[in-house]
Amino acid sequence: MSTLLEVSGVSVTFDGFRAINNLSFSIGDAELRAVIGPNGAGKTTFMDIVTGKTKPDEGRVIWGEKSISLLKLSEAKIAQAGVGRKFQKPTVFEDQTVEENLTMALKKPRGWMAVLTYKPTASDRAKVVDLAKQIGLTDALERKSGELSHGQKQWLEIGMLLAQEPRLLLVDEPAAGMTPEEREHTTDILLEAAKTRAVVVVEHDMEFVRRLNCRVTVLHEGAVLAEGSLDHVTSNQDVIDVYLGR
Ligand code: ADP
């Protein structure tokens, strides 16, 4: 597995406060990784750095075979380079059907003007059917997205991101507010997605992280405190102290 993203020695200061402190992180091409850590650990800021929303004061963020520096690219260019991000709250178009949402997502990288004038081809239709299958919404293709459950909206949004074929997908607390059955389905979607791309899941729910059965990175005070299997990191005394607030 070759390295897809290499973050090294990155720091971010907000008004004199070091939110990210000499952070290094790397992920391989088809790797699933969970990022955990207490509130304020720097998880959101870390994702903001990778997606270009926040530019660090120092450090490097290197992407892909050509070792492109993401620090030189805008948020839009980073998305085009293959970094997709799912925020906690789903942002699907509620008055459009599942099929319409997925179809539009196929064209989004080419801009919204392209979306407005767009006529789906047979191959687009086949892709939408395939995406619906991946996210378990085949039977809901004709339904308005506003009628979907919270879990289904989250899956639809993951499907819309997958439509853009990102090489790295960043997902923020995908299981929040879900029923146990929905969580299980979300796990399956993410495991499947990570077969062909890198996926970083920021998550609080340890049971969910356990099901992902992947390498875990623990952030604390803007740096990596521990990394390894969930059992490895949760038996680390520093991690235990941080979670117990010592
Ligand atoms: P997490 O997502 O792990 O809860 P964040 O990345 O949101 O952590 O925040 C890390 C630290 O940086 C926190 O102490 C937070 O208060 C601070 N922080 C985040 N964004 C800003 C900002 N725009 N201005 C000032 N402080 C910020």
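This is a predicted model: local features need pLDDT of at least 70, side-chain atom pairs count only at pLDDT 80 or more; totals for chains, interfaces and linings use all residues.

Trainee: Which residues is R183 in contact with, leaving aside its neighbours within four places in sequence?

Mentor: R183 is in contact with A175, M178, D205, F208 and R211. Take R211 from that list. R183 and R211 are 28 residues apart along the chain, and their C-alpha atoms are separated by 9.6 Å.

Trainee: How do I describe two packed helices?

Mentor: In general, two values are used: the angle between the axes and the distance between the axes. Here, helix α3 (residues 98-107) packs on helix α6 (residues 150-163) at about 30 degrees, with the axes 7 Å apart. Angles under 35 degrees count as roughly parallel, so α3 is roughly parallel to α6. The crossing of α3 with α6 is right-handed.

Trainee: Which residues of α3 and α6 meet?

Mentor: From α3 they are V98, N101, L102, A105 and L106; from α6 they are L156, G159, M160 and A163. Sorted by class, this contact of α3 with α6 has seven nonpolar residues, two polar ones and no charged ones.

Trainee: Why do residues three or four places apart point the same way in an α-helix?

Mentor: An α-helix has 3.6 residues a turn, so residues at that spacing point the same way.

Trainee: Is α3 mostly covered or mostly uncovered?

Mentor: Mostly covered: nine of the 10 residues in α3 are buried. The buried residues include E99, T103, M104 and K107.

Trainee: What about Q154, buried or exposed?

Mentor: The cut-off for buried is under 20% relative accessible area. Q154 has 2% relative accessibility, so Q154 counts as buried. Q154 lies in helix α6. Apart from neighbours within four places in sequence, Q154 is in contact with K86, Q88, P90 and M178. M178 is also among the contacts of R183.

Trainee: Which residues touch the most other members of the largest nonpolar core?

Mentor: That core has 43 residues, and V98, L102, L156, L190, V199 and V216 touch the most other members. Helix α6 gives the most to this core, with seven residues. As an example, L190 touches I158, V171, P174, V199, V201, F208 and L212, not counting residues up to four places away in sequence. A second, separate core has 26 residues, including I27, V35, L168 and V202.

Technical notes
Residues are numbered from 1 along each chain as its sequence is written. Side-chain values use heavy atoms; hydrogens and water are left out. Buried means under 20% relative accessible area, exposed over 50%, partly exposed in between (1.4 Å probe, protein chains only). Helices (H or I, at least four residues) and strands (E, at least two) are DSSP runs, numbered from the N terminus. Axes are lines fitted to C-alpha atoms, for helices over the stretch in contact, and angles run from 0 to 180 degrees between N-to-C directions. Angles under 35 degrees count as roughly parallel, over 145 as roughly antiparallel, 65 to 115 as roughly perpendicular and the rest as oblique. A crossing is left-handed if the near helix is turned anticlockwise from the far one by less than a right angle, and right-handed if clockwise. Contact means heavy atoms within 4.5 Å. Ala, Val, Leu, Ile, Met, Phe, Trp, Tyr, Cys and Pro count as nonpolar, Asp, Glu, Lys and Arg as charged, and the others, Gly among them, as polar. A nonpolar core is a set of buried Ala, Val, Leu, Ile, Met, Phe, Trp, Tyr and Cys residues joined through side-chain atoms within 4.5 Å.
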